[in-house]
Amino acid sequence: MSESIHIVVGPRVYVAVLLSLLGGTGITAWTALLNLGIWNPVIALSIATFEATEVVLYFMWVKYSPRLTWLAIAACIFLFSTLISLSLVDYMGRAWGNW
Amino acid sequence: MNHISPVIGQFLDKWMTNFRLFPPEASKIAPQMDALFFFIVVVSLFGFAMVLVLLVAFSILYNKKRHPVALQIEGSALLEITWTLIPLGLFLVIFAWGAILYFRIFTPPANAMNIYVVGKQWMWKTEHPGGQHEINALHVPAGRAIQLTLISQDVFHSFSIPAFRIKREAIPGRYTTVWFEATKPGTYHLFCTQYCGSNHSRMSGEVVVQTQEDYRKWLSRSTSGASLAQNGERLFASLSCNACHNARPDARGPSLANVYGSRLTLSSGERIVADDAYLRQSILNPSQHVTQGYAPIMPTYQGRIDEEGVIALIEFIKQLDSDYRIQQTLNSTDLVPSESSQTAAVKGREIKQSNSRGGIQP
Amino acid sequence: MSTSTLVPPSEPIAPKIPEDNYLSRGYGLRSWLLTRDHKRIGILYLISLSVFFLIGGTLAGMIRLELLTPQSDLMSTDTYNKVFTMHGVIMIFLFLVPSVPATLGNFFIPMMIGARDLALPRINLLSWYLYIVGGVLVIYTMVAGGVDTGWTFTTPLSTHYVNTNVLSTCLAIFITGFSSIFTGLNVLVTVHKMRAPGMTWFRLPLFVWSLYAASIQMVLATPVVAIAIVLLALERTIGIGVFDPTKGGDPLLFQHLFWFYSHPAVYIMILPGMGVISEVISTFSRKRVFGYKAVAFSSVAIAVFGFFVWAHHMMIMGISNYAVLVFSLLTMLVAVPSAIKIFNWTFTLHKGAITFEAPMLYAFGFIGLFTIGGMSGVFLGSAGTDVHLTETFFIVAHFHFVMVGGMLMAFLAGIHFWWPKMTGRMYPERIAQVASIVTFIGFNLTFFPQFILGILGMPRRYASYPPEFQILNVFSTAGATVLGAGYLLSALYLLWSLKYGQVAADNPWQATGLEWQCQSPPLTGNFTEMPIMDHEAYDYAWLEGQNRNRRKVGHR
Amino acid sequence: MVSSAFPSAAAEHGEHPPYLLHHFQSVEQQADAANFAMWLFLLSEVMFFSGLFAAFLIYRNWYIPAFVAGAKQLNVGLGALNSGLLILSSFSLGMGVWSAETRRKSCLVLCLILTFVLGLGFLGIKSIEYAEKIEKHHFPGLHYSLSSFIDPSSDQAVSAAGERPLPLDMARHTELYFSLYFAMTGMHALHMIVGMGILAYMILRAWGGAYTSGHVTFVKNFALYWNLVDIVWIYLFALLYLVSRH
């Protein structure tokens with residue numbers, strides 16, 4: 001079913017990911033101190049997402065995992081966005097009109 | 001259960017006199033609601049009858065005694081598509097019809113008469129514009145659109161009049177509205193349908209629909225002396241609202257004359273219609289609702305006035321078409337906006353949080 | 001379209017129960033409480049569920065008795081509120097959610113897919129213990145004075161306005177939630193990783209499909225109610241304000257989070273029941289399920305769409321009207337897969353060879369009542385009629401038609417259907433048929449009047465009501481006694497059959513599932529040899545060949 | 001029905017590894033099942049946190065000034081340091097998994113201890129942050145104090161930055177920010193503490209050589225859990241500390 005999961009990830013990959021994660025943390029903390037208006041949240045969340053993706057792919061070995069793991073993660077992300085977006089249908093809708 | 005035998009007598013008596021299967025239709029929306037209701041009933045009965053007939057027919061025809069050997073049938077794509085699409089189509093029709101009806105129930109006509117409803121554990125308090133208060137009762141004229149503006153002082157309640165086919169939750173912290181036009185004079189049930197604690201089942205009353213003339217008589221009989229707007233005016237003065245909202249050249253707050261229903265631009269740049277909800281919010285959470293050109297110096301009145309007070313203020317602001325009377329009040333009570341009256345207002349405020357000093361300095 | 005003929009063989013009835021089975025491996029309490037055998041855990045669940053069903057049912061009886069008269073005379077309004085709250089909490093969190101998945105699912109999923117156990121036996125046992133801890137907490141709550149928020153825990157009522165045992169109830173629900181997550185997780189892993197060779201996805205029995213779909217919801221929706229309940233508890237103890245309108249919080253947010261679980265929860269409850277019905281209908285019409293793939297995919301579709309419709313519980317609660325539109329539309333979509341299932345079951349009967357044993361009668365009851373229950377859901381999903389019907393007895397009737405008329409009928413169908421496999425003994429057929437008919441009549445008498453009450457506008461959760469509603473309430477209470485008698489009858493003869501029932505054959509119904517290829521009651525490891533699946537599900541021709549071989553070899 | 005003997009049952013006393021449970025047919029199947037089960041559990045954890053994220057999103061957009069004022073009470077430096085610690089601990093745990101897979105026992109123990117220490121460091125810094133908030137009465141509830149927000153002169157950190165006071169009604173909503181702050185970081189810290197407990201148990205087992213004989217499932221599954229906690233923190237750091245500073 002999935003022999004690939006038993007691949008051993010070596011130290012080189014871990015070190016590379018570690019460095020990029022630490023770098024990302026530094027950058028995101030630094031940009032937060034600048035006033036970039038609407039871009040502050042955008043940058044912070046993009047970097048967070050980038051870092052999270054790296055952790056998932058390498059530290060959690062999803063890159064080397066079977067399709068089933070990808071599918072499960074996709075289902076979860078989908079459901080997470082469903083919870084957020086369908087709640088926002090209500091919250092944003094309330095602001096629109098005065099019914 | 002201390003009266004077993006009277007129960008049966010009572011029961012038979014009620015069977016003969018009181019039994020009904022459908023509630024009275026007493027509002028303009030009721031027949032429309034019932035039309036959709038019976039449409040769904042027909043659709044359901046049709047679907048149910050089909051399943052039932054098939055079940056019975058198959059049970060008889062393919063009973064093992066009669067039909068001992070089963071024929072292995074895999075399925076039929078055509079049939080699957082049929083019974084996916086036909087129910088889907090019917091459901092979509094029901095959805096669209098229901099949505100139209102829903103918007104009708106919750107979109108009041110412009111000329112509707114507004115009655116406020118305050119829910120609290122465990123009673124309904126209705127307030128007519130003329131200042132008439134009722135507890136667990138509501139008198140309305142037939143043939144006139146009535147808008148209810150509901151709010152709750154504590155938990156969720158729900159204002160339900162089955163004969164009118166309307167229902168709306170009264171929720172804490174926000175106005176909700178619903179409207180109806182009663183058609184038949186009579187007395188109807190009023191229920192709280194959202195579970196609200198111990199005496200939930202006692203939070204019911206009656207709605208009395210009267211002819212226009214009887215309603216006028218009732219109004220004059222039950223007047224409390226001051227209309228809602230007059231109460232609001234009194235409150236407006238006693239809370240020193242007129243210290244800022246007085247339309248003088250040096251006023252620190254915007255003039256409130258004719259503000260109701262107008263389009264305002266807020267300091268955040270947002271454009272908004274000044275409706276009940278907006279007025280309520282700007283009394284309780286003013287800093288988020290500051291009109292453009294003014295500083296966010298208004299103190300919050302959260303915890304200082306109850307919902308009925310807010311309603312009275314809103315009703316007053318609604319009817320305010322000039323600042324003349326406000327300025328009159330100012331002169332007569334000598335409440336000239338000065339530093340002293342300002343600090344007095346600050347001192348008088350009860351704020352639970354410590355160190356609130358300076359909170360309203362410009 | 002493949003057709004074939006099938007002569008059901010008359011298998012000789014085994015003279016006595018095989019010596020070595022899962023029940024005979026160890027008799028002490030220890031051998032049960034520390035067991036990792038999925039079958040024993042299933043039985044543990046069955047026993048504990050029955051206890052809670054009895055408690056919940058007694059509470060339901062008290063509700064019905066109170067509603068016999070318009071005044072609140074049997075008990076005070078406070079007591080009544082506590083009674084219906086406890087009835088809801090027990091029935092939903094301790095009975096309906098774990099009912100089929102944790103008993104029949106636990107017992108039969110490994111056997112159906114040809115595995116020796118669930119993938120995570122220890123987690124399985126843990127989930128039972130969590131369930132018991134939750135149950136004990138609920139009982140503690142009752143003893144300590146009950147809770148009167150309603151099972152929906154509407155804020156701010158539950159956070160600031162009642163002073164009953166909200167916290168212990170919250171903790172109980174939190175813990176049983178984890179029990180349910182672990183059960184679901186176990187099913188998902190087992191179905192994915194433990195299938196026997198040749199057991200492809202489209203050879204799985206439909207029971208497995210529906211449990212798989214329900215498990216997706218268990219795993220992904222339950223944590224949301226867990227966090228909602230944690231926030232509720234924090235709000236109540238510390239006053240953090242997230243649901244408190246006076247602090248700027250939104251009480252509706254709690255309901256969003258709560259219904260995000262509690263709507264899928266009704267599918268968690270009903271989907272496994274649908275799975276049981278698929279098995280039963282196929283077996284007793286000796287015919288493969290009509291449109292296997294349609295039924296399988298409709299389970300998954302219900303699971304997926306079930307996540308998108310939660311706010312239809314809040315249509316008049318002040319959510320935005322646009323949201324009402326969206327959720328009403330999505331609700332209509334979720335109704336379609338249920339309709340597909342009903343039609344497919346009906347057409348399974350077409351050209352079958354039908355007999356009417358008790359499980360089949362329950363299944364017929366299910367189809368009828370679930371159709372009514374489902375259609376009454378359309379009244380509520382349609383935004384316009386929802387305004388009039390919501391929060392009345394119409395809701396009560398709708399929910400009970402789906403849950404009691406649907407789910408409980410399916411549960412009883414499943415219990416009867418698999419009783420010979422689980423215990424090795426047959427239940428008495430004739431009296432079981434009578435019980436199923438009594439239950440059906442009692443059910444309709446109880447809950448159909450409640451539809452009319454709802455249309456008339458009688459609000460739910462009322463201890464006292466206007467006298468004109470009394471007649472229908474009397475009917476309803478009368479029906480409840482009949483319904484209770486039906487359940488009691490079933491319980492009695494099932495218990496009786498444990499000792500005196502006729503010894504069951506391995507495959508008394510001539511059903512096709514792999515579980516029927518095991519002995520009754522099964523061995524601890526289910527199979528002596530690893531089964532290799534070489535035929536479709538519900539392949540009666542294969543079964544016939546199997547029987548012919550057995551007779552030839554003189555196997556057993 | 002075709003059937004064949006169970007490999008594990010047939011090899012009852014044969015050469016199959018001792019950690020293979022009886023109901024699995026192969027070590028791969030067992031490892032796969034454990035891995036998938038862990039993933040499902042993690043996904044349910046994600047949904048657990050999603051409720052908090054939804055609440056944060058909604059209130060942050062309702063009460064931006066309050067959330068800005070609240071966020072300014074947090075120390076980005078400490079937050080970034082904590083992020084760094086957690087990332088390092090994830091890394092050292094990854095190295096631990098690698099050493100378990102390549103059967104280096106002392107290296108594994110070292111990595112696990114390092115992970116534990118880094119986790120401890122994270123919790124230490126977190127508790128310093130908590131202590132500061134509690135001292136200022138920024139813990140929500142009865143004793144919550146608005147003084148930092150309506151009277152900047154009472155709070156050196158705020159007055160030094162030259163902040164203007166918030167109007168009272170908006171200042172009251174800062175309590176929501178801190179409620180969510182404590183709820184989210186508290187839930188996260190709780191997960192950390194549970195993780196540290198398991199980690200301590202693992203260190204003892206690893207010392208005995210339990211994970212360096214080929215059966216690394218437990219270490220890998222724990223690493224998955226720990227990394228999820230890491231990811232949650234990455235988002236918490238962004239949302240609580242960074243997005244509303246201006």
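**Exercise 1. Determine whether the end-to-end distance of helix 2 of chain B agrees with its number of residues.**

Solution. In this predicted model, helix 2 of chain B covers residues 29–61, which is 33 residues.

**Exercise 2. Identify the buried residues of helix 2 of chain B and the elements against which they pack.**

Solution. The criterion for a buried residue is 20 or more other C-beta atoms within 10 Å of its own. In helix 2 of chain B, the buried residues are B:Ile29, B:Ala30, B:Met33, B:Phe37, B:Ile40, B:Gly47, B:Val51 and B:Phe58. An α-helix has 3.6 residues a turn, so residues three or four places apart point the same way. The next step is to find the packing partners. Within chain B, these buried residues pack against helix 3 (77–106), strand 7 (166–170) and strand 8 (176–181). From chain C, the partners are helix 11 (321–349), helix 12 (358–381) and helix 13 (383–389).

**Exercise 3. Describe the contact between chains B and C from the side of chain B.**

Solution. The contact joins 81 residues of chain B to 85 residues of chain C. On the side of chain B, at least two residues each come from helix 1 (4–17), helix 2, helix 3, strand 6 (157–161), strand 7 and strand 9 (186–192). Helix 3 of chain B gives the most, with 18 residues. Sorted by class, this side of chain B has 47 nonpolar, 23 polar and 11 charged residues.

**Exercise 4. Describe the contact between chains C and D from the side of chain C.**

Solution. Here 38 residues of chain C are in contact with 36 residues of chain D. Four elements of chain C each supply at least two residues to this side: helix 7 (166–193), helix 8 (206–237), helix 9 (251–284) and strand 1 (530–532). The largest share, 10 residues, belongs to helix 8 of chain C. The class count for this side of chain C is 24 nonpolar, eight polar and six charged residues.

**Exercise 5. Compare the radius of gyration of chain C with that of a compact globule.**

Solution. Chain C contains 17 helices and one strand. For 556 residues, a compact globule would have a radius of gyration near 24 Å; chain C has 23 Å, which agrees. The C-alpha trace of chain C spans about 80 × 45 × 45 Å along its principal axes. Of its residues, 70% count as buried. Among contacts in chain C between residues at least 6 apart in sequence, 85% join residues at least 24 apart.

**Exercise 6. Apply the globule rule to chain D and consider the confidence of its prediction.**

Solution. Chain D has 10 helices and one strand, in the order β-α-α-α-α-α-α-α-α-α-α from the N terminus. The globule rule gives 18 Å for its 246 residues, but the radius of gyration of chain D is 23 Å, well over that value, so chain D is more spread out than a compact globule. Its C-alpha trace spans about 75 × 45 × 30 Å along the principal axes, and 54% of its residues count as buried.

The mean pLDDT of chain D is 89, and 93% of the residues score at least 70. Over residues 8–13 of chain D, however, the pLDDT is below 50. Where pLDDT is low, the predicted coordinates should not be read in detail. For the complex, the predictor gives an ipTM of 0.90 and a pTM of 0.92.

Methods
Residues numbered from 1 in each chain as written. Chains lettered and ligands numbered in written order. Predicted model: local features only at pLDDT ≥ 70, side-chain atom pairs only at ≥ 80, totals over all residues. Contact = placed C-beta atoms within 7 Å. Nonpolar A, V, L, I, M, F, W, Y, C, P; charged D, E, K, R; others polar. Expected span 1.5 Å × (residues − 1). Buried ≥ 20, exposed ≤ 12 C-beta atoms within 10 Å, placed from the backbone. Rg over C-alpha atoms; globule rule 2.2 N^0.38 Å. pLDDT = per-residue confidence, 0-100.
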